[in-house]
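Please look over the sequence and the model shown here, and then read on.

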Amino acid sequence: MGKFDIFDTIDTLRKSGRPFCVATVVRTADVTSAKAGAKAAVTVDGEIIGHLGGGCVQGAVRKAGAQAIETGETQVIRVKPSEKVVALQDDDGAQVFKSGCPSGGTVDLLIEPYTLPPMLVILGNSPISRAIAAHGNMAGYRVAVTDIMETDHATLRFSETDLSELCITPRDFVVVASQGAKDLAALRAALGSDADRVSMVASRRKAAALCEKLSAEGMDASRIARLKSPAGLDIKGVDPQEIAVSVIAEVILWRNTDRISQEGSDEQTA
């Protein structure tokens with residue numbers, strides 16, 4: 001077995017397209033098995049790849065890592081003996097975790113989430129879906145497509161309408177471009193995801209009919225209300241490439257609108 005290299009691990013995780021964070025020991029006090037400079041990667045499943053010290057440190061890193069992946073915010077945490085903890089946040093702003101390890105040492109760690117670009121999930125295998133994948137790739141999104149689609153412009157793949165392995169978040173985008181092939185199943189999967197923005201390449205009448213069927217199945221109205229159809233900005237596109245441009249333009253508009261809104265919200269609460 002070759003020598004472990006945390007940077008090789010980080011590179012592999014980046015290429016996987018799944019969220020993760022990096023934990024770095026920045027300071028230790030008293031006796032600890034952790035050493036300053038030690039690094040580990042923390043996956044979205046809570047796996048710690050690398051050495052940071054004993055079980056008390058690892059438990060704190062898993063909790064802080066999950067929080068960092070969810071919020072996208074870098075933070076400093078401090079793991080110290082239970083008898084020395086007077087608050088869950090120290091005066092310097094570090095989040096405090098209690099340690100029951102007999103060594104009695106204190107460890108400060110920097111938790112840095114790797115910020116992945118939003119995912120663009122495309123349901124369907126049609127000329128339009130392939131064109132959307134190509135344009136989405138050029139625009140810098142993590143493109144996910146069905147495993148039967150023939151395209152070199154995707155980093156992630158899923159089986160037909162099974163999106164369970166993609167870890168879709170509210171900031172991701174889902175586009176249905178099934179074009180008559182299993183439309184209902186594709187739309188059901190899209191609206192069943194956690195993405196805030198869902199669109200469908202279809203007429204309003206067709207989309208409305210499909211939504212009525214999903215409502216009759218018991219799908220919550222709030223989920224159905226997220227659908228925007230026809231997908232894309234109205235640029236009078238006709239061929240698949242033009243329609244794909246309109247779809248990506250709308251996704252970019254949504255992304256930038258959400259970013260500006262979030263920045264404004266952060267300024268108000270600062």
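## Cysteines

A disulfide is a pair of cysteine sulfur atoms within 2.5 Å. With that definition, a search of the whole structure turns up zero disulfides. For C167, the reason is distance, because the closest cysteine sulfur, in C21, lies 14 Å from the sulfur of C167, too far for a bond.

C167 counts as partly exposed, at 26% relative accessibility, and C211 counts as buried, at 14%.

## Basis of the model

This is a predicted model, in which local features need pLDDT of at least 70 and side-chain atom pairs count only at pLDDT 80 or more, while totals for chains, interfaces and linings use all residues. Residues are numbered from 1 along each chain as its sequence is written, and side-chain values use heavy atoms, with hydrogens and water left out.

## The chain as a whole

The protein chain has seven helices and twelve strands, these being DSSP runs numbered from the N terminus (helices H or I, at least four residues; strands E, at least two). Its C-alpha trace spans about 70 × 45 × 35 Å along the principal axes.

Of the 270 residues in the protein chain, 44% are buried. Taking contact to mean heavy atoms within 4.5 Å, residues 24 or more positions apart account for 59% of the contacts in the protein chain with a separation of 6 or more.

Notes. Buried means under 20% relative accessible area, exposed over 50%, partly exposed in between (1.4 Å probe, protein chains only).
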